Amino acid sequence: MFIVDNVDISSGTLGGLVIGVASTGFLLVTGRLSGISGIVENFLVPGSGWSKSWSCSYVAGLVAAGLLTHGLLPGASAVYGSPVYMDALAGLLVGFGTRLGHGCTSGHGICGLPRFSMRSLVAVGTFMCTGSLAAYAKRYLVESNTLPGLMETVPFSANTVLAVAIPSVVTFGVIYSILSLRKGTTSSTAQKNISLSNLAVEHLSAFICAGLFGYGLQLSGMCSTERVVRFLDFSSPNGWDPTLMGVMGGGVAFNVVSFYLLRRWNPQAMTCPMPKDSKESTTMQKVIKMGGHCDNTAITSSLVLGSAIFGIGWGLAGICPGPAIVSLGMGSKVAGVFVPSLLVGMAVHEVVKPSPSSHVPSKKSA
């Protein structure tokens, strides 16, 4: 094993720090962790009233980050040659796996490890192992000419991706808002107490924090499928690229400090609505559940299996939910195949998922 020449630990670490800032800012304003796969699922499955409508703004912010900054970071979306069917399969696996395992690199990595969650540590270890194995297996099959059509390209241009992706996001957001508004008449008391100003701040903060998160993903190299695959396949004869160690290191290090300070300061989330007759509030100590909290120690078969499936998809395509959506805004042809498959995988999980009692941790506060 040898190190590739274009290692960029500084950009990886700086990008990780930007991601940490974005996730901490979103947490402080909304009281929510930045688990991208969960946010995308919210975007896919409308909730009651306006409870999930902010996810539209978050997804739009990720796409906007790709649109606005890809000219500044031309190498951020470098593509590792892969056939269409492989990208489609990877999207299905990532979509299904992230929902079965309740998280991906952002939820379990950037937001889970800083809370010293054993659950997230197991998930990260699992998808890193299966991701490395999948990347190695793919390279082996290619070199042995077992895997056909490696350098086949998708039959459409980057402009086609943009022409389809942007109107689709806008249209889905409008439809989502209409459905949410219609369901709003039966919303809970807490949802009824959402003021227009809080709703506007929540959507604006989701869009801005997602844009910053997306910029961090590009800066760090997470949107480069080539760099991701070279990180996962450390035995490649082309060399190992450790750049992405800086991403996780920078993001986790920042959030370790920020989460500690937020729990010590313990402010209430700025936009989180509470029933008027409730004496409780959504404070950082209730949101940031540390260490031995029951939500952090529930190691289930679905967690391990889902993380393993996600890792396989990640290793095959070199891309996960957040970078894929940002790359969609950059006109990436890989994302043009991967993202629809990702949504299908999530939809399949919605259909076949087991009952909540079999895998959801207790929601008791610390």
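Just after helix α15, Gly 331 takes a positive phi of about 80°. Helices here are DSSP runs of H or I, at least four residues, numbered from the N terminus. This is a predicted model, so to speak of local features we need pLDDT of at least 70, and side-chain atom pairs count only at pLDDT 80 or more, while totals for chains, interfaces and linings use all residues. Residues are numbered from 1 along each chain as its sequence is written, and side-chain values use heavy atoms, with hydrogens and water left out.

Back to α15, residues 321-329. Nine of its nine residues are buried, so this helix is largely enclosed by the rest of the structure. Buried means under 20% relative accessible area, exposed means over 50%, and partly exposed is in between, with a 1.4 Å probe and protein chains only. Among the buried ones are Pro 321, Pro 323 and Ile 325.

Now the whole chain. There are 16 helices and zero strands. Of the 366 residues, 52% are buried.

Next, the inside. The largest nonpolar core has 54 residues, and Tyr 58, Trp 314 and Phe 338 touch the most other members. Helix α3, residues 54-69, gives the most to this core, with six residues. A nonpolar core is a set of buried Ala, Val, Leu, Ile, Met, Phe, Trp, Tyr and Cys residues joined through side-chain atoms within 4.5 Å.

What forms one aromatic cluster with Tyr 58? Phe 26 and Trp 54 do.

The structure holds seven aromatic pairs. Phe 231 and Trp 240 are stacked, 6.3 Å centre to centre, with 25° between the planes. Phe 310 and Trp 314 are stacked too, at 5.9 Å centre to centre and 10° between the planes. The cut-offs: rings of Phe, Tyr and Trp (its six-membered ring) pair if their centres lie within 6.5 Å, and planes under 30 degrees apart count as stacked, over 60 as edge-to-face, the rest as tilted.

Stay with Phe 310 and Trp 314. Both lie in helix α14, residues 301-317, four residues apart, about one turn of the helix. An α-helix has 3.6 residues a turn, so residues three or four places apart point the same way. Phe 310 has 0% relative accessibility, so it counts as buried. Trp 314, at 3%, counts as buried as well.

Last, the outside. Is Val 351 buried or exposed? Val 351 is exposed, with a relative accessible area of 70%. This valine is found in helix α16.

Technical notes:
Helix = DSSP H or I, 4+ residues; strand = E, 2+ residues; numbered from the N terminus.
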